[in-house]
Every structure is written in structure tokens, then in C-alpha cells.
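Let's take a friendly walk through this one. Have a look at the sequence and the fold, and then read on.

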Amino acid sequence: MAKESVKARQRKREAMVAKFAEKRATLKAEGNYAALDLLPKNASPVRLHNRCQLTGRPKGYMRHFGMCRNIFRDLALAGKIPGVRKASW
């Protein structure tokens, strides 16, 4: 489980990226890189990192479900993820 400060920092970055997304797109389309450089650093989507929505774990992240493999496994075995069940052949 990640520290609350790390998870809060990630949420702050996500909000900043969403806030400046339209402005960044227009500046890039115009080719105005000087104005683009004046935007906050955390407004860049490159600074985001995929993290588990429940625990904040940065590794073992599954994009399709938005969570790490550990939590995915627990929820899948408990039957809480629709359409997912343990394979047997």
C-alpha cells in the first residue's frame, strides 16, 4: 500500500493534466513552444504514472482493470469482477 501522500500527489497531477489538456493541445497545434514551456510541469501527461486505484501500487498494474495484480486476484476470486473467473482446463 502506497503512502497517502504519494496517492494524493498522483491525484493532484491527474487533475492538473485534465485542467490544462485543452490548452496544451491548442498550443501544440499552433507550434507555440515558448508558451507551452510556461505551463506547470505537472500539467504534462508524461509525468503521470499508472497506479492501482485502490492501493496506489505502481508495479503490476493492469490497464484494462485499473488495479494491480494482487487486488485483481483477490477481487476475481471473490467474484466481484463481472465476467472474470479462474481458468481451468
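## The largest pocket

Helix H1 (residues 4-30) gives the largest share of the lining of the largest pocket, four residues. Helices here are DSSP runs of H or I with at least four residues, strands are E runs of at least two, and both are numbered from the N terminus. This is a predicted model, where local features need pLDDT of at least 70, side-chain atom pairs count only at pLDDT 80 or more, and totals for chains, interfaces and linings use all residues. Residues are numbered from 1 along each chain as its sequence is written, and side-chain values use heavy atoms, with hydrogens and water left out.

The pocket holds about 180 Å³ of space. Among the residues that line it are Lys7, Gln10, Arg11, Glu14, His49 and Tyr61. (On a 1 Å grid over the protein atoms alone, a pocket is an open set of points where a 1.4 Å probe fits, with protein on both sides within 12 Å along at least five of seven lines; lining residues have an atom within 4 Å of a point.) Sorted by class, the lining has two nonpolar, five polar and four charged residues.

## A closer look at Gln10

Gln10 sits in helix H1. Is it buried or exposed? Its relative accessibility is 7%, so Gln10 counts as buried (buried means under 20% relative accessible area, exposed over 50%, partly exposed in between, with a 1.4 Å probe and protein chains only). Leaving aside residues up to four places away in sequence, Gln10 touches Leu48, His49 and Arg51, where contact means heavy atoms within 4.5 Å.

## The nonpolar cores

Seven residues make up the largest nonpolar core: Cys52, Met67, Cys68, Ile71, Phe72, Ala76 and Ile81. (Such a core is a set of buried Ala, Val, Leu, Ile, Met, Phe, Trp, Tyr and Cys residues joined through side-chain atoms within 4.5 Å.) Strand S2 (67-68) and helix H3 (69-77) each supply at least two residues of this core, and the largest share, three residues, comes from H3. Apart from this core lies another, of five residues, including Phe20, Leu27, Leu36 and Leu39.

## One aromatic pair

Searching the whole structure turns up one aromatic pair. The ring centres of Phe65 and Phe72 are 4.6 Å apart and the planes are at 40°, so the pair is tilted. (Rings of Phe, Tyr and Trp, its six-membered ring, pair if their centres lie within 6.5 Å; planes under 30 degrees apart count as stacked, over 60 as edge-to-face and the rest as tilted.) Phe65 counts as partly exposed at 30% relative accessibility, whereas Phe72, at 15%, counts as buried.

How values were computed
Points joined across faces, edges and corners; volume = space filled by probe spheres on them. Nonpolar A, V, L, I, M, F, W, Y, C, P; charged D, E, K, R; others polar.
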